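Keep the viewer open as you read.

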Amino acid sequence: MVTVDVGSRPVTVQLWEAGLAQSCAALVAWADSLTEVSASLWRTPAGDSVHLDVTGRVPTGLPIRVYDAVPYDPVSFPDLPTNTRQDLAVSLLRRWSRGGEVAA
């Protein structure tokens, strides 16, 4: 799904990948195509899912946010309280895309 809003908000792209490794691989592919890249994760208020986000700019300078949701797993995300956002290193997305452990 792609959302374009008139104004200063970034273009938003929601992915539909299945599983943490696949979601991270898709987000890494996006991160590799952007400048001014940052990443974060956010556990939803309901607490049942975690959104993984990559933000940056496409080569023309347009701001973009790409995200995907994965089910919340207390083993994978032990220090992520409900409705909390945390910065995330893109290098961790790369490791998780290769099936590396999530918990640090």
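R94 and D32 form a salt bridge, with 2.6 Å between the closest N and O atoms; the term stands for a side-chain nitrogen of Lys or Arg within 4 Å of a carboxyl oxygen of Asp or Glu. This pair links distant parts of the chain, since R94 sits in helix α2 and D32 in helix α1, 62 residues apart. Helices (H or I, at least four residues) and strands (E, at least two) are DSSP runs, numbered from the N terminus. R94 is partly exposed, at 31% relative accessible area; buried means under 20%, exposed over 50% and partly exposed in between, with a 1.4 Å probe and protein chains only.

A word on the ground rules: this is a predicted model, in which local features need pLDDT of at least 70 and side-chain atom pairs count only at pLDDT 80 or more, while totals for chains, interfaces and linings use all residues. Residues are numbered from 1 along each chain as its sequence is written, and side-chain values use heavy atoms, leaving out hydrogens and water.

The structure holds 4 salt bridges. Three residues, D53, R65 and R85, are linked in a network of them. R65 meets D53 at 2.6 Å, N to O. Because R65 lies in strand β5 and D53 in strand β4, the pair ties together parts 12 residues apart in sequence. R85 also forms a salt bridge with D53, the closest N and O atoms being 3.6 Å apart; here R85 is in strand β6 and D53 in strand β4, 32 residues apart. D53 is buried, with a relative accessible area of 3%, whereas R65 is partly exposed at 22% and R85 is partly exposed at 47%.

Now back to α2, the helix of R94. Which of its residues are buried? They are V90, L93 and W96. The buried residues of α2 pack against α1, β3, β4 and β6.

Along with L41 and L52, L93 touches the most other members of the largest nonpolar core, which has 24 residues. Such a core is a set of buried Ala, Val, Leu, Ile, Met, Phe, Trp, Tyr and Cys residues joined through side-chain atoms within 4.5 Å. The biggest contribution to this core comes from α1, with 5 residues. Leaving aside neighbours within four places in sequence, L93 is in contact (heavy atoms within 4.5 Å) with C24, L27, V28, A39, V54 and L88.
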